[in-house]
Amino acid sequence: RYTASFDDLAGNSVRGNDGFYVRGETALFEDAGDPAQGLAAFARLGIADGRFNTFRRFASAGLNYTGPFRGRDEDQLGLAVAAAFTSDAYKRAVPANDAEVAFELTYRAPVASWLSLQPSAHYIINPGADPSVRSALAFGLRAEISFNILG
């Protein structure tokens with residue numbers, strides 16, 4: 001909850017902008033030879049005050065498999081879906097779809113002791129909940145660099 005005043009979607013300066021989210025994850029099964037490998041699942045739910053925010057509700061869920069291929073014990077393969085639902089106040093203010101939905105496929109691979117690369121592909125239905133924008137396909141690449149500065 002914010003203590004400051006915010007402009008709501010109708011243009012009024014008011015207090016009360018808040019939200020909440022919860023996330024959970026669990027291992028679904030572990031590899032018998034290595035408990036660090038196996039399949040895990042996650043889910044996240046969130047709400048925000050629809051007077052201020054484009055999206056009032058959010059839900060996501062996904063699966064992550066560690067060690068999907070023999071000899072690639074630390075690699076991770078992930079698949080997820082997320083949906084953000086527009087608030088009524090936002091839909092009154094501008095033309096908007098009811099939701100934006102995104103699907104993601106990603107693969108994280110340590111390629112050196114200090115470097116991991118994670119390409120991803122995303123298919124987004126109703127980007128930004130804007131009815132004038134077509135569904136989109138986006139690609140990304142994340143680089144993770146690790147080093148020890150303390151020696």
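The following questions and answers concern a predicted model of a protein chain.

User: In what order do the secondary-structure elements of the protein chain run from the N terminus on?
Analyst: The secondary structure of this chain comes to 1 helix and 9 strands. Read from the N terminus on, the order is β-β-β-β-β-β-α-β-β-β.

User: Why is the protein chain described as more spread out than a compact globule?
Analyst: For 151 residues, the globule rule gives 15 Å. The chain is more spread out than a compact globule because its radius of gyration is well over that figure, at 20 Å.

User: What box do the C-alpha atoms of the protein chain fill?
Analyst: The box is taken along the principal axes. Its dimensions are roughly 60 × 40 × 30 Å.

User: What percentage of the residues of the protein chain count as buried?
Analyst: A residue counts as buried when its relative accessible area is under 20%. Of the 151 residues in the protein chain, the share that counts as buried is 26%.

User: How many positive and negative side chains does the protein chain have, and how far apart do the centres of the two sets lie?
Analyst: There are 14 positive and 17 negative side chains in the protein chain. The distance between the centres of these two sets is 6 Å.

User: Which residues is Ala 143 in contact with, leaving aside its neighbours within four places in sequence?
Analyst: Ala 143 belongs to strand E9, which covers residues 136-145. Its C-alpha lies 6.4 Å from that of Gln 118, a residue 25 positions away in sequence. With neighbours within four places in sequence left aside, the contacts of Ala 143 are Leu 115, Ser 116 and Leu 117.

Key: Residues numbered from 1 in each chain as written. Predicted model: local features only at pLDDT ≥ 70, side-chain atom pairs only at ≥ 80, totals over all residues. Heavy atoms only, no water. Helix = DSSP H or I, 4+ residues; strand = E, 2+ residues; numbered from the N terminus. Rg over C-alpha atoms; globule rule 2.2 N^0.38 Å. Buried < 20%, exposed > 50% of the residue type's maximum accessible area, 1.4 Å probe, protein only. Lys, Arg positive; Asp, Glu negative; His and termini not counted. Charge placed at Lys NZ, Arg CZ, Asp CG, Glu CD. Contact = heavy atoms within 4.5 Å.
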